[in-house]
Amino acid sequence: MPSEPHPATVDQAATADRTATTDRLPLRRRLMPVIALLLLAPWAAECSWGGFAIDDFLPVLIFLGPMYGGAAILIRETARHLGTGWPTIVLLAAAFGVLQAGLVDQSLFNPDFLDDTQYADTRVAAEATLVPGLEFSLRQAFDYVGNHIVLTVCAPIVLIESFLGPDRRLRPWLGRPGLLVVSLIYLLGSLFIFSDINADKVFLASPLQLTFAALLVLALVATALLPRWRRPHPRRFRRAPHPLWVGLPVVLVRLGSDLTPGWPGMAIALALAAAAGGMIAYWSSRDGWGQRHVLVAGTAGLVMAAAFAYLVPPYSPASPAAALAGDIAVTVITVALVGGAWWRLRRALPSVHVGAS
């Protein structure tokens, strides 16, 4: 009598069937998540926390979409093509944050960068944590790079992936031609921002500062591409907590990172961020960890940013009506995106395990 097929063979065949089905999708459906991520990344990076009034939303998408959206797409596609998970995405997002703030707009090294905005009064607090020799604020580095990790990259990726079915969620969306096009879009967008900022601010970081930023970017990219992220990790038998609990560490980081100024405040912020990352990594290795956990962990920062948008001014002065309309729009968009993704996952059939991410 014929024997039963080996479970691994069944899994490989099922994966091949899902891949073939996805590859037969019309071009419009295959590109839809790419376009969505291209638009969502700049909005989350600059608008979701109240940085712009509502009449500036569209210009943000047009002018910053190629750079922010292109980076988010390339980071996501790199991780999915390599078969790695969220550790690679987070590390590449950190590399992008340093690249953006240190080499492209150079806001990390320019002490006058915010002087022509409504955040000029933050300069004193930033200078309280200047790193000797390199002359950049550790407080601003934490905020700039952290926001790029949480808002520009992770939240948009997890939202778009949560709306997709499990057969497309962890698979690449683009082949080599598409990646080349997105890379060109990202490079052109970055060059545009660099030239525009340089013409406006008339600032160029020192060779030492540029070298430091470049080496840090290379170190983060090299760490993100380590083979260890591709190896499966053993599962812990204890069950993962309810998905909503996963957002609590992110909330505590947001609330506790500004408790006190200066170096003591930075020590608290870095300790909270490290503890939150370690706790989420530990929970993700437990049995029962799934996409709803990833959704909460990835969007808790976005929800907090939207909640605090009412308390912060936009970069440029705006009428109270335009500023309030922008904050309300942020709330509506955030609730629609996060709530819609949660609803989509609850309706979905049980999916494949997300893995230690």
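**View 1. Helix H6 meets helix H14 through a set of listed residues.** In this predicted model, Leu 159, Ser 162 and Phe 163 of H6 are in contact (heavy atoms within 4.5 Å) with Leu 337, Val 338, Gly 340, Ala 341, Arg 344 and Leu 345 of H14. By class, this contact of H6 with H14 has 6 nonpolar, 2 polar and 1 charged residues, where Ala, Val, Leu, Ile, Met, Phe, Trp, Tyr, Cys and Pro count as nonpolar, Asp, Glu, Lys and Arg as charged, and the others, Gly among them, as polar. Two packed helices are described by the angle between their axes and the distance between the axes. For H6 (residues 138-163) and H14 the angle is about 40 degrees and the axes are 8 Å apart; axes are lines fitted to C-alpha atoms, for helices over the stretch in contact, with angles running from 0 to 180 degrees between N-to-C directions. H6 and H14 are therefore oblique to each other, since angles under 35 degrees count as roughly parallel, over 145 as roughly antiparallel, 65 to 115 as roughly perpendicular and the rest as oblique. The crossing of H6 and H14 is left-handed, a term used if the near helix is turned anticlockwise from the far one by less than a right angle, whereas clockwise gives right-handed.

**View 2. Helix H2 also packs against helix H14.** The axes of H2 (residues 27-47) and H14 (residues 320-347) come within 12 Å and cross at roughly 130 degrees, which makes H2 oblique to H14. The crossing in which H2 passes H14 is left-handed. On the H2 side, Leu 40, Trp 43 and Cys 47 meet Val 330, Ile 333, Thr 334 and Leu 337 of H14, and this contact has 6 nonpolar, 1 polar and no charged residues.

**View 3. Cys 47 and Cys 154 are both buried.** Cys 47 has 0% relative accessibility and Cys 154 has 9%, where buried means under 20% relative accessible area, exposed over 50% and partly exposed in between, with a 1.4 Å probe and protein chains only. A search of the whole structure finds 0 disulfides, a disulfide being a pair of cysteine sulfur atoms within 2.5 Å.

**View 4. The loop between helices H4 and H5 holds Gln 106 and Asn 110.** Gln 106 has a phi near 55 degrees, a positive value in a residue other than glycine, and is buried at 3% relative accessibility. Asn 110, in the loop that runs between H4 (86-104) and H5 (123-127), is buried as well, with a relative accessible area of 6%. Leaving aside residues up to four places away in sequence, Asn 110 touches Lys 201 and Phe 203.

**View 5. Phe 192 lies in helix H8, and Val 202 lies in the loop between H8 and H9.** Phe 192, within H8 (residues 176-201), counts as partly exposed at 38% relative accessibility. Although Phe 192 and Pro 66 are 126 residues apart in sequence, they are 9.7 Å apart in space, C-alpha to C-alpha. Val 202 has a positive phi of about 50 degrees, although it is not a glycine, and is exposed, with a relative accessible area of 69%.

**Notes for all views.** The protein chain has 14 helices and 2 strands; helices (H or I, at least four residues) and strands (E, at least two) are DSSP runs, numbered from the N terminus. Residues are numbered from 1 along each chain as its sequence is written, and side-chain values use heavy atoms, leaving out hydrogens and water. Because the model is predicted, local features need pLDDT of at least 70 and side-chain atom pairs count only at pLDDT 80 or more, while totals for chains, interfaces and linings use all residues.
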